[in-house]
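Have the coordinates open in a viewer before reading on.

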Amino acid sequence: MRPNRLPEQPVGRRSRAEVFEGVINGAIKRVVVIGNGFSGAESQCIGLVRALGLSGCHSLYRVTRPRGGINEWLHWLPVSLHKKVNYIIRQIYSRFQMEAKGNEVVPFSVQKTGLSNVLEADAKQIAMMACDTFDKDGPLLVVASGRDTIPVASSIKRLAPENVFVVQIQHPRSQLNRFDLVITPRHDYYPLTPHAQKQIPWFLRRWITPREPPDRCVVLTVGALHQADSPALRSAASVWHYDLSSLPKPLLVVNIGGPTRSCQYGVDLAKQLTAMLQNVLWSCGSLRISFSRRTPEKVSKILLKELSANPKVYIWVGEGPNPHMGHLAWADAFVITADSVSMLSEACTTGKPVYVVGAERCTWKFADFQKSLQERGVVRPFTGKEDISESWGYPPLNDTAEAASQVIKALAERGWTIHR
């Protein structure tokens, strides 16, 4: 499927002076967002676009990998090679099925792979469009996030260096000069710290990235960028007013993610969390629990079995509208599993108490992230001995807005501005 077109200018002719002024001022009024099909990565891009005041002026493109079956084991391949391997495998399967049918054998069942109805990012097409429309519409801002988007975003920069400004979110690991700006959490530079170096065998150190300290083109954040800004939370407060405003206070919201390689847990943490929540229920007016797409069924089943019958407790299991933004707006306090940088980053922008469960299970740079949050006083470990009615505060994280200000500053160095 061909990528969707960028927003067109309003119908009507502009004077030569207006066109000339737009080019000289270099006002950016359109954005290409390049995602990888995962909401966590794409939400960071959209959050930055919102903070720049360009919400509604972007077009979304994606770099997608084949999924399903053996493809789940091939994510270590470069995405272009992965697609070629997937094509060969599918051709072999198709031939096998045809031969099996010809011999009247039961067809071999093949799991469907790949994604349909996805706007694939084409670096040449986007770069050509940026060049062809530059005199009319000015420079193009490109915002990308995720490992698979790196080759596309860097190719756009290489093909149209005078017409685009490319921002890569999350560390691209090498050759930072392929982008105009890189926005990444501080804990991505944990491998360079003396403590981390002691954990790396000497023969592996050359393969651990990043290899150099951040330079002037790198913007460091505490956590992840996101869309949970003040306007979004005010809107969510209005949308969820009927459902959440009348709940007994204090409202404790529990967000549960899923285990990762650097933060592993299972039913043991689920049982521990259940017991701790039961211990603090006396101090809660209401308790609402949400699971993410990554939450293992064995974890969700334990909390459902032990807590769903309590009249104070409501558990969202994925049916109906997602209450996540409403929870951010209406909660009085949060308990969040340590695996999710995104959920913690969002909650820590509210200034409300945030308790973390499972931080001791995190390793490597994610342990460093948990440490930085605790040192800043924006989170506390959840022990099950808390009185949820006792509030405490901290200077909220403001990573997305601060990153946006750095983008504006870098654009100004190019002589470009944001059209608002």
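The charged end of Arg 380 sits over the ring of Trp 392, 3.9 Å from its centre; the criterion is NZ of Lys or CZ of Arg within 6 Å of the ring centre and within 35 degrees of the ring normal. Arg 414 has its charged end over the ring of Trp 416, at 4.1 Å from the centre. The model is predicted: local features need pLDDT of at least 70, side-chain atom pairs count only at pLDDT 80 or more, and totals for chains, interfaces and linings use all residues. Residues are numbered from 1 along each chain as its sequence is written, and side-chain values use heavy atoms, with hydrogens and water left out.

Trp 392 also takes part in ring pairs. A search of the whole structure gives five aromatic pairs, where rings of Phe, Tyr and Trp (its six-membered ring) pair if their centres lie within 6.5 Å, and planes under 30 degrees apart count as stacked, over 60 as edge-to-face and the rest as tilted. Tyr 355 and Trp 392 are an edge-to-face pair, because their planes stand at 80° with the ring centres 5.7 Å apart. Tyr 355 belongs to strand β12 (residues 354-357) and Trp 392 to the loop between β13 (380-381) and α15 (399-413), so the pair ties together parts 37 residues apart in sequence. Helices (H or I, at least four residues) and strands (E, at least two) are DSSP runs, numbered from the N terminus.

Trp 392 forms a tilted pair with Tyr 394, 5.9 Å centre to centre and 50° between the planes. Tyr 355, Phe 382, Trp 392 and Tyr 394 form one aromatic cluster.

Six strands make an open sheet in the order β10-β9-β8-β11-β12-β13, with parallel pairing; two strands pair if DSSP finds at least two bridges between them. The edge strands, β10 (313-316) and β13, each pair on one side only. Strand β8 (residues 251-256) runs parallel to β9 (residues 286-291) and is joined to it by six bridges, with Val 254 opposite Ile 289 in β9.
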